[in-house]
Amino acid sequence: MGELKTNYGENVECKCAKVNMPNVEIGADECEVNDDRPNKDLLKHLQSLVECPVCLGSIRTVPVSCCPSGHVVCTDCRSQLVSCPVCRTVYPSLQLVSHLAAGIIDKIPHPCKFKAYGCSQSLLLSSLPAHETSCSFRLVSCPNILCDLKISLAGLYRHMIVNGCASQHDLKVTSSMPSVSTVLMTGRVKSVDELLYKIPLVFSYEGNMFLIIKKQSADLIQFSASILGSPEQGRQFMVSIAVFSERMPCQVVEYKGFANCVDGPAWCALTVHKDHMGELLDQVEENEFQQKFKYHYKVKISRNESPDLQ
């Protein structure tokens with residue numbers, strides 16, 4: 001059994017399971033804190049009692065390891081340590097745990113794990129997983145096939161534009177259908193394989209950013225539309241992608257579905273076999289980069305009038 005030494009110098013025996021503080025009620029299912037400075041400071045202090053001094057993350061699981069002086073550390077960091085990172089006391093062979101910290105963990109709000117990237121949310125453990133899955137600051141992979149960085153979703157657009165990982169284009173409103181906007185993409189490639197290395201298309205619609213991403217799986221090429229947001233936001237919009245030959249208008253493949261989430265599965269996508277994709281490329285005069293094929297695809301986007309039916 002260890003002791004937990006707080007920042008105020010007091011020693012608290014680590015067998016406590018419940019903490020009652022003046023004006024602060026800490027129960028099993030809720031944490032109510034009056035909106036005044038002393039209680040905010042108290043909550044901040046309680047949160048610091050379950051913060052790992054190594055990774056600075058909030059400890060969320062029990063048992064909570066500690067040293068003989070009561071300094072806590074998370075499980076992942078404890079497995080890599082031989083001495084306490086605070087007081088440098090060598091850990092004994094018998095593992096010590098803090099019952100006080102264990103009693104606090106599920107009774108106070110914990111900061112979102114993406115706090116370092118700008119998220120200010122603090123929630124009870126029961127609510128954190130759902131929030132972190134759709135947090136606007138969560139880490140996502142750059143969609144450019146040549147970039148392997150993980151970026152905070154809030155900074156993904158800037159990363160792509162500044163580093164040339166995506167090409168931004170403006171939409172045009174369809175005259176016959178004012179609620180539908182379109183963008184036409186064309187380019188040159190040496191072969192079907194080079195098409196995959198063309199940077200993603202990014203555009204804005206009704207204040208949201210969208211991406212057109214190309215991926216390959218075996219002999220299939222996949223075109224999909226993704227929103228820089230959550231799956232729920234993606235279902236608010238309908239996107240169609242049509243890949244076609246300009247010289248042979250009958251050669252066209254198209255799909256229509258809601259926008260996927262940028263870091264989720266591509267539930268809606270246009271899939272084309274490589275051999276068929278070759279038939280959709282128009283042969284043109286070879287340029288200085290030895291590119292003699294031209295590709296075309298058109299994207300249409302509109303508000304989904306019945307998102308609950310998708």
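Arg-138 counts as buried because its relative accessibility is 3%, where buried means under 20% relative accessible area, exposed over 50% and partly exposed in between, computed with a 1.4 Å probe on protein chains only. The residue sits in the loop between α4 (128-134) and β10; helices (H or I, at least four residues) and strands (E, at least two) are DSSP runs numbered from the N terminus. The model is predicted: local features need pLDDT of at least 70, side-chain atom pairs count only at pLDDT 80 or more, and totals for chains, interfaces and linings use all residues. Residues are numbered from 1 along each chain as its sequence is written, and side-chain values use heavy atoms, with hydrogens and water left out.

Leaving aside residues up to four places away in sequence, Arg-138 touches Phe-114, Glu-132, Thr-133, Ile-151, Ser-152, Leu-153, Gly-229, Ser-230, Cys-261 and Asp-263, a contact being heavy atoms within 4.5 Å. The side chain of Arg-138 also makes polar contacts with backbone oxygens: Gly-229 at 2.7 Å, Cys-135 at 2.9 Å and Ser-134 at 3.3 Å. A polar contact is a pair of N or O atoms within 3.5 Å; within protein, one must be able to donate a hydrogen and the other to accept it, and residues adjacent in sequence count only if both atoms are side-chain atoms.

## The chain as a whole

The protein chain has eight helices and 23 strands. Of its 310 residues, 44% are buried. Among contacts between residues at least 6 apart in sequence, 54% join residues at least 24 apart.

## Largest pocket

Rolling a probe the size of a water molecule over the atoms shows where empty space is left. On a 1 Å grid over the protein atoms alone, a cavity is a set of points where a 1.4 Å probe fits but cannot get out, while a pocket is an open set with protein on both sides within 12 Å along at least five of seven lines; lining residues have an atom within 4 Å of a point. Grid points are joined across faces, edges and corners, and a volume is the space filled by probe spheres set on the points.

The largest pocket holds about 430 Å³ of space. Its lining has 19 residues, and those nearest its centre are Glu-51, Leu-56, Pro-111, Cys-112 and Lys-115. Helix α1 (residues 37-49) gives the largest share of this lining, three residues. By class, the lining of the largest pocket has seven nonpolar, seven polar and five charged residues; Ala, Val, Leu, Ile, Met, Phe, Trp, Tyr, Cys and Pro count as nonpolar, Asp, Glu, Lys and Arg as charged, and the others, Gly among them, as polar.

## Second largest pocket

The second largest pocket has a volume of about 350 Å³. It is lined by 27 residues, of which Cys-142, Pro-143, Ile-213, Lys-215 and Val-262 are the closest to its centre. Two or more lining residues come from each of β10 (139-141), β16 (208-217), β17 (220-227) and β20 (260-261). Strand β16 provides the largest share, five residues. The lining of the second largest pocket divides into 14 nonpolar, eight polar and five charged residues.

Strands of a sheet pair through backbone hydrogen bonds, either parallel or antiparallel. Here an open sheet of three strands runs in the order β6-β5-β7 with antiparallel pairing; its edge strands, β6 (72-73) and β7 (96-97), each pair on one side only. Two strands pair if DSSP finds at least two bridges between them. Between β5 (residues 65-66) and β6 there are two bridges, and Ser-65 has Val-73 of β6 as its bridge partner.

## Backbone exceptions

Most residues other than glycine have a negative phi, and most peptide bonds are trans. The peptide bond between Val-62 and Pro-63 is cis, with omega about 0°, and Pro-63 lies in the loop between α1 and β5.

Arg-88 is not a glycine, yet has a positive phi of about 70°. The loop between α2 (75-78) and β7 contains Arg-88, which is exposed at a relative accessible area of 61%. Glu-206 likewise has a positive phi, near 50°. This residue is in the loop between β15 (201-205) and β16 and is partly exposed, with a relative accessible area of 45%.
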